[in-house]
Amino acid sequence: MTLVLPPRLTASARSLRDAAHRRGIGTVQLGSFEVPAGLCADHLHAGPSFADVVAPLLGIAPLEAEPGWLTGLPRELTRRDITLVAIGEAYELRRPAFIKSPNDKNIPAMIYTDGSRLPGPDAVDRQTPVLVSDIVDFTAEYRLHVLDAVVHAGSQYAARGRLHLGPPSSDALAFGADLIAGYGHTLPSAIVVDVGLVDGHWAVIEANAAWASGAYVANPDLVLDVVLRAASPTSSVTIRDQQFIRRGAPSLAP
């Protein structure tokens, strides 16, 4: 078994590499997006751009949530209105909004004063999907690594918009467990879900691919369990998870 890593390693990637070694799993850190001839690997931990190039060549199937997953949740779980639209439509916005790519980093996740501030059509295809959200203030944010409909590992990563690392609170874990109990069937079997507090209420922030997500201070051995499932050989993906295999950067039909 081999885990492929990208040219530049984050602290999280290094901790997962070390956890893999403790488990007897080999790792290969590529020097570029080019896959050496004859390389055989089973799993991957890297960003979306790297995965889009490397995973198909190695027969690895990265799992991720559907781009519009957040929009299918009730407002009492998100505490804000969220829509999935083509960026060409988002250009017409004339109000501030938080806008991001659903499963990529092509559109920087930030507050835009209006749609004219987004990357223009000279840089981004007009059919590129973006999530447009009301602006809310998360006073605490937590990352939950989910495996087989169970919160497997977790970490606090922010407080009032600033990096703040620590263990997940019992309330964050309870909210995550309730969320997965009700909506786990709409997610792949291995995924990351970020949750937080808005005006004293728990809310879902977003779902992220586990193979591309940082662990913060969560137990790296438990996080590795989730990563290995989230990006595994295509031949091993269950029928249930096949609908969640990443097919490259998505677009919306015109």
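Which loop holds Arg 160? Arg 160 is found in the loop between strand S10 (150-159) and strand S11 (162-166); strands are DSSP runs of E with at least two residues, helices are runs of H or I with at least four, and both are numbered from the N terminus.

This is a predicted model, in which local features need pLDDT of at least 70, side-chain atom pairs count only at pLDDT 80 or more, and totals for chains, interfaces and linings use all residues. Residues are numbered from 1 along each chain as its sequence is written, and side-chain values use heavy atoms, leaving out hydrogens and water.

Most residues other than glycine have a negative phi.

Buried means under 20% relative accessible area, exposed over 50%, and partly exposed in between (1.4 Å probe, protein chains only).

**A buried histidine**

His 145 is found in strand S9 (residues 138-147). His 145 counts as buried because its relative accessible area is 0%. Beyond residues up to four places away in sequence, its contacts include His 152, Ile 191, Gly 214 and Val 226 (heavy atoms within 4.5 Å).

**Val 217**

Val 217 lies in the loop between S13 and helix H6 (220-230). Its relative accessibility is 48%, so Val 217 counts as partly exposed.
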